[in-house]
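Subject: Structure handover

Hello,

Please find the structure below. My notes on it follow.

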Amino acid sequence: MAKFVVFDLDGTLIDTLKGLTLATNKTVHELGLNINYKEEEVKTFIGRGAKNLLRQALKREFKDEEFSLFLNNYEKTQYVSEPYKNVKATLKELNSRGVPLIIYSNKPNNIIQKLVKALLSDIEFLCVQGQDLAYPPKPDVTLLNKILNKYDLLSTNGIYVGDSIVDILTANNASMPCLILTYGYGDKEEMDKTQNKAYIDDFKEILNYL
């Protein structure tokens, strides 16, 4: 049984798709593009960080000022998001059991800190870590390993919970078992081709592994 949990955020703890779609469309419109992305399209852009999302939306490389514009829109639109069903109750139960909880996400770190504070302020997390540009994004685990070492946590004693191929690869790179939530943003056909993961349909099923 796992002794601690590392979570992805988007598509795992919080449904941020509506806000990400708003931010994406607002940015491309302000940059003069007549494109209106649907949520299902933006979903395919999620998982490998904000820069990758904007690059796919624009279908080209972007300038620094264009990325700054996107980040500004990104932050403003995130507060329409809500935690998924059973997330808060399950996290509170894990808190009551004394299970250390970590968030490790490719969401920009300054944005994730504010969003978690706004929507999950009553949950105790050992660490909340978004993308730090000094480190490669997930599925790289350099920063995750640094966090685990800081808190004297052995990766094989934990479990990684996410919703996408990026999360499966992250878990594999960290030598952690992986749970994948089927309600998230990942492409199941793509994920089916990978090893070392288990699917769960409801967030509260995590309790069965701890």
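A residue is called buried here if its relative accessible area is under 20%, exposed if over 50%, and partly exposed in between, with a 1.4 Å probe and protein chains only. On that scale, 51% of the 210 residues of the protein chain are buried. This is a predicted model, in which local features need pLDDT of at least 70 and side-chain atom pairs count only at pLDDT 80 or more, while totals for chains, interfaces and linings use all residues. Residues are numbered from 1 along each chain as its sequence is written, and side-chain values use heavy atoms, with hydrogens and water left out.

Overall shape

The protein chain has nine helices and eight strands (DSSP runs numbered from the N terminus: helices are H or I of at least four residues, strands E of at least two). Along the principal axes, its C-alpha atoms fill a box of roughly 50 × 35 × 30 Å. The radius of gyration of the protein chain is 17 Å, which agrees with the value near 17 Å for a compact globule of 210 residues (taken over C-alpha atoms; the globule rule is 2.2 Å times the number of residues to the power 0.38).

Aromatic rings

Rings of Phe, Tyr and Trp (its six-membered ring) pair if their centres lie within 6.5 Å; planes under 30 degrees apart are stacked, over 60 edge-to-face, and the rest tilted. That rule gives five aromatic pairs. One of them is F7 with F203, whose ring centres are 5.7 Å apart with planes at 25°, so the pair is stacked. F7 belongs to strand β1 (residues 4–7) and F203 to the segment after β8 (198–200), so the pair ties together parts 196 residues apart in sequence. F7 is buried at 0% relative accessible area, and F203 is buried at 0%.

F62 and F67 also stack, because their ring centres are 5.3 Å apart and their planes at 20°. F62 is buried at 15% and F67 at 12%. The charged end of K51 sits over the ring of F67, 5.6 Å from its centre (the test is NZ of Lys or CZ of Arg within 6 Å of the ring centre and within 35 degrees of the ring normal).

Regards
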